[in-house]
Amino acid sequence: MAMNLGPTLGPHDEDEVISTINTTPLVDVMLVLLIIFLITIPVVTTSIKLDLPKEQNVVRQAKPETLIISVSKAGQIYLYDTPMKNTADLLERLKKFSAMKPQPEVQIRGDAQSEFESVGRVMYAVQRAGITQVGFITDPAP
């Protein structure tokens, strides 16, 4: 007894071309990638638990008692509009303000093209004068 495995093809019969895309391998690859990401993402995101400060964009108005220190592109320091000879001169003037009660806030405005060293010297002078409230003024993003 012979086993029938399907219709036999004649000499003029041709196999039909299958024009649909087999998506099974694509789905398999996507599932494997999904599993890999589900396993690796918790490993990457777990670290030391910290309560980081939240970003706040608050419009600040300069009060009359606020000290505004500016650093130009060339590194020249200004207290309000008065040029300072050096950081020692700035320190002496800041000591007078640090004795006030309540202490005024200092706002440092550094030119974007100025060297960080110039702004760092101003920060050090403010710290040495004992002023505790210091802010940096920047232009808001468009």
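This is a predicted model: local features need pLDDT of at least 70, side-chain atom pairs count only at pLDDT 80 or more; totals for chains, interfaces and linings use all residues.
Residues are numbered from 1 along each chain as its sequence is written, and side-chain values use heavy atoms, with hydrogens and water left out.

The pLDDT is the predictor's confidence in each residue, from 0 to 100. The chain averages 78, and 70% of the residues score at least 70. Confidence is lowest in H1, at a mean of 83, and highest in H3, at 89. Those labels follow DSSP runs, numbered from the N terminus: helices are H or I with at least four residues, and strands are E with at least two.

Back to arginine 93. Which residue forms a salt bridge with it? Aspartate 89 does, with the closest N and O atoms 3.7 Å apart. A salt bridge here is a side-chain nitrogen of Lys or Arg within 4 Å of a carboxyl oxygen of Asp or Glu. Aspartate 89 and arginine 93 are about one helical turn apart because they sit four residues from each other in helix H2.

How many salt bridges does this rule give? The count comes to three. In another, lysine 95 meets glutamate 92, at 4.0 Å from N to O; both lie in helix H2, three residues apart, about one turn of the helix. Arginine 121 and glutamate 117 also pair, at 2.9 Å from N to O. They are four residues apart in helix H3, so about one helical turn separates them. Glutamate 117 has 49% relative accessibility, so it counts as partly exposed.

Now for the inside. A nonpolar core is a set of buried Ala, Val, Leu, Ile, Met, Phe, Trp, Tyr and Cys residues joined through side-chain atoms within 4.5 Å. The largest one has 17 residues, and Ile69, Leu90, Leu94, Val106, Val122 and Val126 touch the most other members. Two or more residues come from each of E1, strand E2 (77-79), helix H2 (87-98), strand E4 (106-110) and helix H3 (116-129). H3 gives the most, with five residues.

Let's zoom in on valine 106. Leaving out residues up to four places away in sequence, valine 106 touches Leu67, Ile69, Val126, Ile131, Gln133, Val134 and Gly135, where contact means heavy atoms within 4.5 Å.

Next, the loops. Threonine 66 sits between H1 and strand E1 (67-71). Is threonine 66 buried or exposed? Buried, because its relative accessible area is 4%. Beyond neighbours within four places in sequence, threonine 66 is in contact with Tyr80, Glu105 and Gln107.

Tyrosine 80 lies in the loop between E2 and strand E3 (82-83), and its phi is positive, near 55 degrees.

Last stop, helix H1 (residues 24-45), where we find phenylalanine 37. Phenylalanine 37 is partly exposed, because its relative accessibility is 47%.

Conventions. Buried means under 20% relative accessible area, exposed over 50%, partly exposed in between (1.4 Å probe, protein chains only).
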